[in-house]
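Have the viewer open and follow along.

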Amino acid sequence: MTTFLGMPTAPRGVGHLRGDDPFPVAARRSLADAQLRRNLAKATATIRAKRAKVTAELPDWEELRAAGRAIKTRTMAHLDRYLEQLEAEFTSRGGIVHWAADAHEANLIAVDLVRATGATEVVKVKSIVTDEIGLNEALADAGISAIETDLAELIVQLGHDRPSHFLVPAIHRNRAEIRDIFLRQMDGVDPGLTDRPADLAGAARRYLRQKFLTARVGVSGANFAVAETGTLCVVESEGNGRMCLTLPDTLITIMGIEKVIPTWTDLGVFLQLLPRSATGERMNPYTSMWTGVTPGDGPRQVHLILLDNGRTAALADSVGRQALHCIRCSACLNVCPVYERVGGHAYGSVYPGPIGAVLSPMLTGIEDNASLPYASSLCGACYEACPVQIDIPELLVHLRARHVDEARRRWPPGLEAITMSTAAWAMADPARFRSAQSLGRLGRVGRRRGVIGRLPPPLAAWTRARDAPVPPAETFRHWWSRTHGDAHDRP
Amino acid sequence: MRVALFVTCLADTLYPQVGRATVRLLERLGHQVTFPQGQTCCGQMHVNSGYQREALALIRRHVETFADCAAVVVPSGSCTGSIRHQHAMVARRLGDDELASRAEEVARRTFDLSEFLVDVAGVEDVGAYYPHRVTYHPTCHSLRVIGVGDRPLRLLRHVSGIDLVELADAETCCGFGGTFAIKNAEVSTAMLTDKMRHILATKAEVITAGDSSCLMHIGGGLSRLKAGVRTAHIAEILAAQ
């Protein structure tokens, strides 16, 4: 049995790791949205095809994946050491490191840092972790506006919407919807704006350029932090990140503690894995790296907030900790047949899709995201695509067991627990199993052939869309005894 | 050779024709088939639903029943996958290392039907005749958990009279997923609908696969729509003459 050390999970009431509804309820809303289904199917199919092409062209792709997994496994085993090394190196090069146990602490630190500059506006690089902790809301409460500068994040922000994908946060929107959002919400937008992608990007560029040139504080996440030199790294496509990281006087980076990697050699592995898995590109257009403060170049004040927010609790689970290996490429989202049909919002957390279904409950504690480990058919497409070989189906099954084991402490047991233990009792013995089969043949009463169109609960959900088979007149084992006899039954 | 059949609880109870076809096929190829009577269920439903402690008794029963068999043949990629990847894992997690090693022994000698035919028996043309238009759905666990690759297709291509047509998006899940089909019935239905759309586009009269569970799901949907397409387990096609 895994031992849990009682590490604190991500606190309630702050950030975006928990949805309002359980997954099946939230999924129902998405399933009914034909435009959303169409947008998602088209976008994920396009990214899937690109990824398949660029991963197939590398002869050592599988070795790279294995290397990625090995580096992450080693890093997690010595996370304390690498984090202290990162802090020492970052500090020795003029940066300032802050440690945040949870979302509340990280938000307080960030708000104080911005306040100290006197700025009332910050420009942001696309960052999932700042959304995890609800930083924009915390800044707004302090009278500070956070401007998202990634095109898709800007669409989401202006549309008062939530991101639904790691990499393509507005994947659920098509260009006509984006034009409408810009016309409604973007200051100074040309009222004759068309829905041509180039025009939409042009409008965003004009809007953002002003923000970049006036901003005094930039806020970012980090894709990687190299412990040996204290270097932070952001990988992006649009160049907005480069602007945020270089133009302001003060740069505040918030990073989950699992993002540290030991060396530059390790970084080389991930810079091959990430773009190919994420956007299906051989290399992403912009890779920014910064090491402390450089006189005469870039921000004068460089901060790093290292965030736990449930990560140590995840690390304490020796099976589950693989979820921390994730490099947020979203390959698992794009290949997931469940994600493709419901989109990111149904998961209720900033971490959607297969990895979100394991990561979110590990960060919050399972009871707060109890429906997520079941939001998968265990088809395994995610594991096959994951650039660091996270065995997501194994983790899902593991979390289901943790969830069931936690429920065992409550009395009385639920209907499912009773059904499952009865079924196991019946099937643990062949004589009892034969009796259960005979009982099942009662299903034949009144309908010797054909199908069953309606089953009682809990199986009623099956027959809402599918017929069920009528039990046959004779089970296999009965046929065997009749035709082959017991003489052949010895192995 | 002497092979033990693990028929699976689903085929035993609801699809005995799959077990009968497997026996007929193996016997026709000259193998001596045994049916160890102690067998019941591999426990996959329990493991996948989080009930590992309940599954442990089923795993122990399975391991004891098949401990002395030289080769175990299973007409299911999914149950083969559970035996291979879950039995030892669950035993170990629940502290029974001895059962875990015995489970690994049994797993090493356990084969999905298509694996057994191609890899162990070394045969691709099993002498079947099946004059129908057929499309094949590679089930997720046969494809991604045990890695059957194109073995089922190689077997099907040798069937005489068959009109084997390719299924679009074949490798996408049909939406079954065990209790997923109940707990997330609506997402499961959306996945099934797309699978059926691709099946109907092939104009096949038969949809085949290596797992009765996925076929129960796909067939249940096709039957509800009165689509006029039937399901057949790959064992039934390979046994047909």
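What follows goes from the domains to a few individual residues.

A word on ground rules: this is a predicted model, where local features need pLDDT of at least 70, side-chain atom pairs count only at pLDDT 80 or more, and totals for chains, interfaces and linings use all residues. Residues are numbered from 1 along each chain as its sequence is written, while chains are lettered from A and ligands numbered from 1 in the order in which they are written.

Start with the overall layout. Chain A is assigned domain 1 (23-312) and domain 2 (429-489), with bounds that come from an automatic or database domain assignment. Taken over C-alpha atoms, the centres of domain 1 and domain 2 of chain A sit 54 Å apart.

Now zoom in on the backbone. Most residues other than glycine have a negative phi, and most peptide bonds are trans. With that in mind, look at Trp411(A) and Pro412(A), which are joined by a cis peptide bond with omega about 0°. Pro412(A) lies in the loop between helix H18 (392-407) and helix H19 (415-427) of chain A; helices here are DSSP runs of H or I with at least four residues, strands are runs of E with at least two, and both are numbered from the N terminus. There's another cis bond from Pro457(A) to Pro458(A), with omega near 5°. Pro458(A) is in the loop between strand S11 (451-452) and helix H21 (460-463) of chain A.

Next, phi. Asn309(A) isn't a glycine, yet its phi is positive, about 50°. You'll find Asn309(A) in the loop between strand S10 (301-307) and helix H13 (311-315) of chain A. Ser330(A) also has a positive phi, near 75°, and belongs to the loop between H13 and helix H14 (331-335) of chain A.

The cut-offs: 20 or more other C-beta atoms within 10 Å of a residue's own is buried, 12 or fewer is exposed, and in between is partly exposed, with C-beta atoms placed from the backbone.

Finally, hop over to Phe224(A) in strand S5 (residues 224-226) of chain A. Phe224(A) counts as buried, given 21 C-beta neighbours inside 10 Å. Leaving aside neighbours within four places in sequence, Phe224(A) is in contact with Cys233(A), Lys259(A), Ile261(A), Leu267(A) and Phe270(A), where contact means C-beta atoms, placed from the backbone, within 7 Å. Trp479(A) is 255 residues from Phe224(A) in sequence and 62 Å from Phe224(A) in space, C-alpha to C-alpha.

Methods:
Contact = placed C-beta atoms within 7 Å.
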